[in-house]
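Some labels deserve a check against their cut-offs. Let us take a few in turn.

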Amino acid sequence: AGKHGRVIARPDGQFAFENNPDIARRFYGVNVCFSAQYLAHEEADRLADRLARIGYNALRIHHYEGELTSNQASSTTLNPEKVEQLDYLFAAMKKRGIYVTTDLFVSRPVKNSDIGVDKPGNVEMDTFKIMIPVVPKAFENWKEFSRALLTHVNPHTKMSYAEDPTLGW
(Lines give C-alpha, C1' and ligand atoms only; values in the text may rest on other atoms or scores of the structure.)
Protein backbone atom coordinates (compact mmCIF):
# COMPACT_ATOMS: atom_id res chain seq x y z
CA ALA A 1 0.00 0.00 0.00
CA GLY A 2 1.28 3.43 -0.86
CA LYS A 3 3.72 2.43 -3.58
CA HIS A 4 1.74 4.53 -6.09
CA GLY A 5 1.53 7.50 -3.74
CA ARG A 6 -1.34 8.77 -1.65
CA VAL A 7 -5.00 8.08 -2.32
CA ILE A 8 -6.50 11.19 -3.92
CA ALA A 9 -9.92 12.26 -5.09
CA ARG A 10 -10.11 13.10 -8.79
CA PRO A 11 -12.26 15.97 -10.09
CA ASP A 12 -14.93 13.43 -11.06
CA GLY A 13 -15.12 12.18 -7.46
CA GLN A 14 -13.36 8.86 -8.11
CA PHE A 15 -10.43 7.73 -6.00
CA ALA A 16 -7.02 7.38 -7.66
CA PHE A 17 -3.37 7.24 -6.68
CA GLU A 18 -1.40 10.47 -6.87
CA ASN A 19 1.28 8.89 -9.12
CA ASN A 20 -1.33 7.37 -11.44
CA PRO A 21 -4.35 9.72 -11.34
CA ASP A 22 -5.82 8.61 -14.69
CA ILE A 23 -6.97 5.24 -13.35
CA ALA A 24 -9.94 5.22 -10.97
CA ARG A 25 -9.48 2.92 -7.96
CA ARG A 26 -11.99 1.16 -5.75
CA PHE A 27 -11.52 0.19 -2.14
CA TYR A 28 -13.22 -2.71 -0.46
CA GLY A 29 -12.62 -3.21 3.20
CA VAL A 30 -13.63 -4.25 6.67
CA ASN A 31 -13.89 -2.58 10.04
CA VAL A 32 -12.21 -3.71 13.28
CA CYS A 33 -13.22 -2.23 16.64
CA PHE A 34 -11.94 -1.93 20.19
CA SER A 35 -9.41 -4.69 20.98
CA ALA A 36 -9.59 -6.30 17.51
CA GLN A 37 -6.67 -4.19 16.25
CA TYR A 38 -4.41 -4.99 19.21
CA LEU A 39 -3.01 -8.35 18.19
CA ALA A 40 0.11 -10.40 18.67
CA HIS A 41 2.40 -10.16 15.64
CA GLU A 42 1.49 -13.63 14.40
CA GLU A 43 -2.22 -12.84 14.62
CA ALA A 44 -1.74 -9.52 12.80
CA ASP A 45 0.10 -11.31 9.98
CA ARG A 46 -2.59 -13.99 9.80
CA LEU A 47 -5.35 -11.35 9.66
CA ALA A 48 -3.53 -9.35 6.98
CA ASP A 49 -2.92 -12.50 4.91
CA ARG A 50 -6.59 -13.50 5.12
CA LEU A 51 -7.88 -10.05 4.23
CA ALA A 52 -5.55 -9.89 1.22
CA ARG A 53 -6.56 -13.40 0.06
CA ILE A 54 -10.24 -12.45 0.25
CA GLY A 55 -9.51 -9.40 -1.90
CA TYR A 56 -9.81 -6.57 0.61
CA ASN A 57 -7.61 -3.53 0.06
CA ALA A 58 -8.79 -1.35 2.97
CA LEU A 59 -9.08 -1.68 6.73
CA ARG A 60 -10.82 0.74 9.07
CA ILE A 61 -9.57 0.83 12.63
CA HIS A 62 -12.38 2.09 14.83
CA HIS A 63 -12.93 2.73 18.55
CA TYR A 64 -9.19 2.20 18.97
CA GLU A 65 -8.21 5.22 21.06
CA GLY A 66 -9.54 4.04 24.42
CA GLU A 67 -7.10 1.15 24.51
CA LEU A 68 -4.41 3.19 22.80
CA THR A 69 -4.39 5.67 25.71
CA SER A 70 -5.27 3.17 28.47
CA ASN A 71 -3.40 3.32 31.77
CA GLN A 72 -1.65 6.57 30.87
CA ALA A 73 -1.43 9.76 32.92
CA SER A 74 -3.15 11.72 30.16
CA SER A 75 -5.90 10.95 27.67
CA THR A 76 -3.55 12.13 24.92
CA THR A 77 -0.57 9.92 25.80
CA LEU A 78 -0.10 6.72 23.81
CA ASN A 79 0.25 3.43 25.69
CA PRO A 80 3.61 1.97 24.49
CA GLU A 81 2.37 -1.65 24.43
CA LYS A 82 -0.79 -0.80 22.48
CA VAL A 83 0.92 1.55 20.03
CA GLU A 84 3.47 -1.20 19.25
CA GLN A 85 0.64 -3.62 18.43
CA LEU A 86 -1.09 -1.02 16.27
CA ASP A 87 2.20 -0.22 14.52
CA TYR A 88 2.76 -3.85 13.66
CA LEU A 89 -0.78 -4.33 12.36
CA PHE A 90 -0.42 -1.20 10.22
CA ALA A 91 2.89 -2.49 8.79
CA ALA A 92 1.35 -5.92 8.12
CA MET A 93 -1.49 -4.31 6.16
CA LYS A 94 0.90 -2.07 4.24
CA LYS A 95 3.07 -5.04 3.24
CA ARG A 96 0.00 -6.74 1.72
CA GLY A 97 -1.32 -3.69 -0.13
CA ILE A 98 -4.12 -2.91 2.31
CA TYR A 99 -4.78 0.77 3.01
CA VAL A 100 -5.83 1.91 6.47
CA THR A 101 -8.41 4.48 7.51
CA THR A 102 -9.38 5.81 10.91
CA ASP A 103 -10.96 8.69 12.79
CA LEU A 104 -9.04 10.97 15.13
CA PHE A 105 -11.80 10.83 17.72
CA VAL A 106 -14.38 8.14 18.23
CA SER A 107 -14.64 7.18 21.89
CA ARG A 108 -11.40 8.04 23.70
CA PRO A 109 -12.16 8.70 27.37
CA VAL A 110 -11.49 12.37 28.21
CA LYS A 111 -11.76 13.59 31.78
CA ASN A 112 -13.96 16.62 32.35
CA SER A 113 -11.07 18.21 34.22
CA ASP A 114 -8.81 17.84 31.13
CA ILE A 115 -10.97 20.34 29.27
CA GLY A 116 -11.82 22.70 32.11
CA VAL A 117 -15.18 21.25 33.14
CA ASP A 118 -15.53 21.33 36.93
CA LYS A 119 -17.12 17.95 37.62
CA PRO A 120 -15.88 14.41 38.17
CA GLY A 121 -15.74 11.71 35.54
CA ASN A 122 -15.40 11.74 31.80
CA VAL A 123 -17.03 13.84 29.11
CA GLU A 124 -19.72 11.86 27.29
CA MET A 125 -18.40 10.66 23.92
CA ASP A 126 -20.95 12.49 21.76
CA THR A 127 -20.72 15.61 23.93
CA PHE A 128 -16.95 15.75 23.40
CA LYS A 129 -17.46 15.48 19.63
CA ILE A 130 -19.75 18.51 19.78
CA MET A 131 -17.33 20.43 22.01
CA ILE A 132 -14.22 20.03 19.81
CA PRO A 133 -15.04 22.86 17.37
CA VAL A 134 -16.41 25.29 19.98
CA VAL A 135 -14.58 24.71 23.30
CA PRO A 136 -10.89 25.69 23.06
CA LYS A 137 -9.67 23.19 25.69
CA ALA A 138 -11.55 20.35 23.97
CA PHE A 139 -10.01 21.36 20.63
CA GLU A 140 -6.55 21.46 22.23
CA ASN A 141 -7.07 17.98 23.71
CA TRP A 142 -8.13 16.64 20.29
CA LYS A 143 -5.13 18.30 18.61
CA GLU A 144 -2.71 16.94 21.22
CA PHE A 145 -3.94 13.36 20.72
CA SER A 146 -3.98 13.75 16.93
CA ARG A 147 -0.44 15.13 16.94
CA ALA A 148 0.79 12.31 19.22
CA LEU A 149 -0.65 9.66 16.90
CA LEU A 150 0.13 11.21 13.52
CA THR A 151 3.71 12.25 14.34
CA HIS A 152 4.57 8.94 16.02
CA VAL A 153 7.13 7.08 13.90
CA ASN A 154 6.17 3.47 13.31
CA PRO A 155 9.37 1.44 13.85
CA HIS A 156 8.15 -1.22 11.40
CA THR A 157 7.64 1.20 8.50
CA LYS A 158 10.19 3.88 9.55
CA MET A 159 7.54 6.54 8.80
CA SER A 160 5.12 8.58 10.85
CA TYR A 161 1.44 7.92 10.25
CA ALA A 162 1.15 11.42 8.77
CA GLU A 163 3.90 10.69 6.22
CA ASP A 164 2.80 7.16 5.29
CA PRO A 165 0.47 6.98 2.27
CA THR A 166 -0.86 3.69 3.64
CA LEU A 167 -3.04 5.85 5.91
CA GLY A 168 -5.40 6.60 3.05
CA TRP A 169 -8.13 8.50 4.84
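**Labels and their grounds**

In this predicted model, the axes of helix α1 (residues 41-54) and helix α3 (residues 80-95) cross at roughly 30° and come within 9 Å of each other.

Q: Why are α1 and α3 called roughly parallel?
A: Angles under 35 degrees count as roughly parallel. The axes cross at roughly 30°. α1 and α3 are therefore roughly parallel to each other.

Q: What is the handedness of the crossing of α1 and α3, left-handed or right-handed?
A: α1 passes α3 in a right-handed crossing.

Q: Which residues make the contact between α1 and α3?
A: From α1 come H41, A44, D45, L47, A48 and L51. From α3 come E84, Y88, L89, A92 and M93. The residues of this contact divide into 8 nonpolar, 1 polar and 2 charged.

Q: How do you know that the span of α3 is close to the expected one?
A: α3 has 16 residues, and 22 Å is expected at 1.5 Å a residue. From first C-alpha to last, α3 reaches 22 Å.

Q: What makes a residue of α3 buried, and which ones are?
A: Buried means under 20% relative accessible area. In α3, K82, V83, Q85, L86, D87, Y88, L89, F90, A91, A92 and M93 are buried. Their cover includes α1, β5 (58-62), α2 (65-68), β6 (99-102) and β7 (153-154).

Q: Why does G13 count as exposed?
A: Exposed means over 50% relative accessible area. G13 has 56% relative accessibility, so G13 counts as exposed. G13 lies in the loop between β1 (7-9) and β2 (15-17).

How values were computed: Residues numbered from 1 in each chain as written. Predicted model: local features only at pLDDT ≥ 70, side-chain atom pairs only at ≥ 80, totals over all residues. Heavy atoms only, no water. Axes fitted to C-alpha atoms, helices over the stretch in contact; angles between N-to-C directions. Helix = DSSP H or I, 4+ residues; strand = E, 2+ residues; numbered from the N terminus. Parallel < 35°, antiparallel > 145°, perpendicular 65-115°, else oblique. Left-handed = near helix turned anticlockwise from the far one by under 90°. Contact = heavy atoms within 4.5 Å. Nonpolar A, V, L, I, M, F, W, Y, C, P; charged D, E, K, R; others polar. Expected span 1.5 Å × (residues − 1). Buried < 20%, exposed > 50% of the residue type's maximum accessible area, 1.4 Å probe, protein only.
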